[in-house]
Amino acid sequence: MTDQPLLSIRDLSLEFDTFDGVYKAIDSVSFDLAKGESLGIVGETGCGKSVTAKSILGLLPSPPARWTSGEIRFQGQDLLSLGESGLKRVRGTDISMIFQDPMTYLNPVFSVGAQLIDVIMAHQRLQPRSTRMSRREARAHAVDMLGQVHLPSPEQQLDNYPYQLSGGMRQRVLIAMALSGAPRLLIADEPTTALDVTIQAQILALIKELVADLGLSVILITHDLGVVADLCDRVVVMYAGQVVEDARVADLFNAPHHPYTQGLLAAVPHPGRPASALTGIAGSLPNLLAPPSGCRFQARCPLASDACGRRPPLAEVGDRHHTACWNHDGGRHA
Amino acid sequence: MTDTVSKTTDLEALSWRERHHSAIRQVRLYSRTFARNGSAMFGLALVLIFVVVAIIGPWIVPFPEDAVGAVNMDIKLQPPDAVHWFGTDEVGNDVFTRVVLGTRLTVQIACIVTGIAILIGVPLGMVAGYMGGVVQEVIMRITDVFLSVPGLILAIAIVGALGPGIVNAMLALSLVWWPGYVRLVQAKTLALKNEIYVEAARSIGAGPMRIVFVHILPNCASPIVVKGSMDMGMAILGAASLGFLGLGAQPPEPEWGAMISIARNYLPDWWWYSFFPGIAIFITVLGFNLLGDGLRDILDPKHRE
Amino acid sequence: MLWFTVKRSLMMALMLCGLLAITFSISHIAPGDPAALAAGPDATQEMIERIRSEYGLDKPLVQQFFLYLKGIVSGDWGRSINTTRPVWDDLVNYFPATFELVVFSIAVAIILGVPLGVVAAVFQNTPLDHAIRVISVSGVALPMFWLGLMVQLYFALQLGWFPLGGQIEMMTDPPQPITHLLLTDALLRGEFSTFVEGLHHIVLPAVALCFPALASIIRVNRAEMLECLNQDYIVNARAQGLSTFRVVGLYALKNAMLPTMAMIGLRFGWMLGGTVLVESVFDWPGIGLYAVESAVNSDFEPIMGATIVLGFFFMMTNFLIDIVYGTLDPRVRGQV
């Protein structure tokens, strides 16, 4: 007796019409997110993880983006078929998102408080008139949220402008903004990449704390396996717009099945395994304007064969562990 | 660890096309941006027509003797017809002829005014930007003061002092226009001064003159070209305005603004006399503006849509 | 904010001195003997010499400049040969009409231009956008005086919808002055028929005067809106569920207005120059007409006076725009 997953993405494919041709950004992406779960999406830059996340909330401008197949079901409802007005009801109140660079994602000419209160008031539109907050109450809620993200002197900070805050503080403000509507799902798109390492640790700790306190489900997008190990329950590995593996975190690290995942893990230098050179994965990303048919990792894969010209499905290889590979070696390569 | 050497790292195996891929793409992008920009092509066409007409004007006009006011009172103030396409004016001159000949005058005015403005403004701007300090402050303050007076008013004041006439009008307009270039070039020079290649040139002993002319000036070129193109249009409007007020070219010179100022007295019955020179001004200025926009689109990537 | 304002005011005072230096220099490049010019065409040599020493024209330039400044400050701006009145009196008389026309025109240009720019950006590449762009591109190329003549020809003469020129009909008495601005005074005195008549008269000149500015404002605002709408903070605002109206009309527009304001300032300068042309065409009793009539008659002092007044007016406007810019953009305030 399993609960319906909170979020379910099936066969999602997305293309961009660009100056140089049709860019096939993601190809048949599928994964599920259960309630209360923290899911990491890992992959190198350009693998489509950010674009997948933005598709959930409909944040990609629609030309040039085109969804050619698939569905995104949130609590049973297909988000792709919702129009802009439908999506507005979802944004911030059911699903919220935080982004990579806190400087550019805050409006420079409005105070931090004004932006936060605007967002809170926007969420109020969905409430019946009688229970709506007044602006004064919204201000109090804003102070409360800033306190929850441990921003020092929240009352005073409301009147400050983004340029007056440090990077870590701005990211906290954005997190407060995202959580002000009490969403069920938080999507975090590389929330710490633009921050100093010490601040990174603080923000991740904050996210962990909020997940525990608020019972949030999280999708965390990152290229850093260490962050995944720290924060996530399950992981999805993407390469060149395709999902190549998904598993529980421990299973992924202990028994990676897909050759790409194995390559990724082998590339992480380990203090306990001294080596004279860094290991990498030979070759380079395929050109997504003209991607190979079938598995997009073929050109660089040590286990590639003729069968790889046909797209391998995400097949079950263990408990809640799937891999898209014809030739995987059963995870013995760990 | 398998050792797969990718084909794409073997330079000899690449075709010429692949090797020069990024340069080819750049050219394709530029021409597509410009050509796609139908309005820029249209502007270019207008400007070319304008220049050609200015050059061959005297040889193609139907009534060359009307250039400087041959008097033909029996056909005065006739409406446009098959012979006189734009009608005739109050002394019987063919308006079409005078408009076409006015083109040549207008090209000269526009080129001279813009040329002088650039010749004064660009070096001053570079000096201000490069030398910094007191020199920069003084130059920029003077520039600011000039820019604080509305252009046409200052031009009228200068012409008022020197006396009406086409030469004084051009002088006045140049004095109004040079400050714009100072600001533009100063800002650009300031930014470029700190570029790595300037530092490199300085460290191997290049003198300031060389640095300014060889390194900084070429990089200022594109904004100057764009502004120059737009300014040609504005200079034409300025000259025509002064002409309209009686302060620029004097009759019987076939300058469009001066023609309209006389034609004004013959409204509304003889409307063609005011109408066609005005259209000529409009089309010419439009051409330069569209061209300037198109140039900015290719030269300044930030403005590309 | 206060310090910002003070600093800008000091700069403006400095610029004013610079402006006076320019007008002083211009009056000294005039060909011919300034004393002879001031004495008039019928003066004898003796009279010219007397005027020369009386006006201090035989003293060194720097000293003359200070005398000039003293004169300006004390209200002695010379005398108009044409009107035979002191220039200062003439300027005070004619300035309100120009002020009203220019303020009305720039208001129209902003009130129409900013929203049209936003609309063109939001509906980019649709027929509506193309139509707006055609207006905005051609508007800048139209000569103001010719546009004035053409609208006069069509709307006043042909259709008879608007009067040919002037501020109000000859027969109508202007309202008793409070602000000396015709339309404002008419409103304040409750003389609504005069107000409507004044409005009727101001439409055509305002159209001719504001059209190039309107076109420029639409262009700049559209371009800036397009750029702002691509910014990350707009993605965030949408992601948090803000309404499109708020995102476009407030979050994007406030950022787009910053460069647009610079264009408004620039265009205002062109408008001040343009009053000369438009007042000529429509017989509008303002400083522009005064300056033109003086220039044509080589009447020198009024031109200088008009230049100072209009230059000062322009500086004040730029000063105000700077202040508004400072209120809109907090980063500028922080810098001082």
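A:His150 counts as partly exposed, because it has 14 C-beta neighbours inside 10 Å. Here a residue is buried if 20 or more other C-beta atoms lie within 10 Å of its own, exposed if 12 or fewer, and partly exposed in between, with C-beta atoms placed from the backbone. The model is predicted: local features need pLDDT of at least 70, side-chain atom pairs count only at pLDDT 80 or more, and totals for chains, interfaces and linings use all residues. Residues are numbered from 1 along each chain as its sequence is written, while chains are lettered from A and ligands numbered from 1 in the order in which they are written.

**Positive phi in chain A**

A:His150 sits in the loop between α4 (135–148) and α5 (154–157) of chain A. Helices (H or I, at least four residues) and strands (E, at least two) are DSSP runs, numbered from the N terminus. The phi of A:His150 is positive, about 60°, although A:His150 is not a glycine. Most residues other than glycine have a negative phi. A:Glu190 is another residue other than glycine with a positive phi, near 45°. Its place is the loop between β7 (185–189) and α7 of chain A. A:Glu190 is buried, because 20 other C-beta atoms lie within 10 Å.

**Domains of chain A**

Chain A is divided into domain 1 (7–94 + 189–323) and domain 2 (106–182). These bounds come from an automatic or database domain assignment. The centres of the two domains of chain A, taken over C-alpha atoms, are 30 Å apart. In chain A, 11 residues of domain 1 are in contact with 13 residues of domain 2. Two residues are in contact if their C-beta atoms, placed from the backbone, lie within 7 Å. Helix α7 (residues 197–214) of chain A gives the largest share of the domain 1 side, five residues. That side divides into seven nonpolar, three polar and one charged. For these classes, Ala, Val, Leu, Ile, Met, Phe, Trp, Tyr, Cys and Pro count as nonpolar, Asp, Glu, Lys and Arg as charged, and the others, Gly among them, as polar.

**Chain C and its partners**

Chain C touches both chain A and chain B. With chain A, 23 residues of chain A are in contact with 19 residues of chain C. On the chain A side, α3 (112–124) and α6 (167–179) each supply at least two residues. α3(A) gives the most, with four residues. With chain B, 40 residues of chain B are in contact with 41 residues of chain C. On the chain B side, α5 (133–147), α6 (151–162), α9 (208–244) and α11 (272–299) each supply at least two residues. The largest share, 10 residues, comes from α6(B).

**Chain C as a whole**

Chain C has 14 helices and zero strands. Its C-alpha trace spans about 85 × 55 × 40 Å along its principal axes. Of the 336 residues in chain C, 43% are buried. Among contacts in chain C between residues at least 6 apart in sequence, 71% join residues at least 24 apart.

Helix α4 (residues 61–73) of chain C has 13 residues. From first C-alpha to last, α4(C) reaches 18 Å, close to the 18 Å expected at 1.5 Å a residue. The expected span is 1.5 Å times one less than the number of residues. Just after α4(C), C:Gly75 takes a positive phi of about 95°.

**Where α11 meets α12**

Helix α11 (residues 244–282) and helix α12 (residues 287–296) of chain C pack at an angle of about 85°, with their axes 7 Å apart. Axes are lines fitted to C-alpha atoms, for helices over the stretch in contact, and angles run from 0 to 180 degrees between N-to-C directions. α11(C) is therefore roughly perpendicular to α12(C). Angles of 65 to 115 degrees count as roughly perpendicular, under 35 as roughly parallel, over 145 as roughly antiparallel and the rest as oblique. α11(C) contributes C:Thr275, C:Val276, C:Glu279 and C:Ser280 to the contact, and α12(C) contributes C:Gly288, C:Leu289, C:Ala291 and C:Val292. These residues divide into four nonpolar, three polar and one charged.

C:Pro285 lies in the loop between α11 and α12 of chain C. C:Pro285 is buried, because 20 other C-beta atoms lie within 10 Å. Not counting residues up to four places away in sequence, C:Pro285 touches C:Tyr94, C:Ala97 and C:Gln167. C:Pro285 and C:Gly165 are 120 residues apart in sequence but 9.8 Å apart in space, C-alpha to C-alpha.
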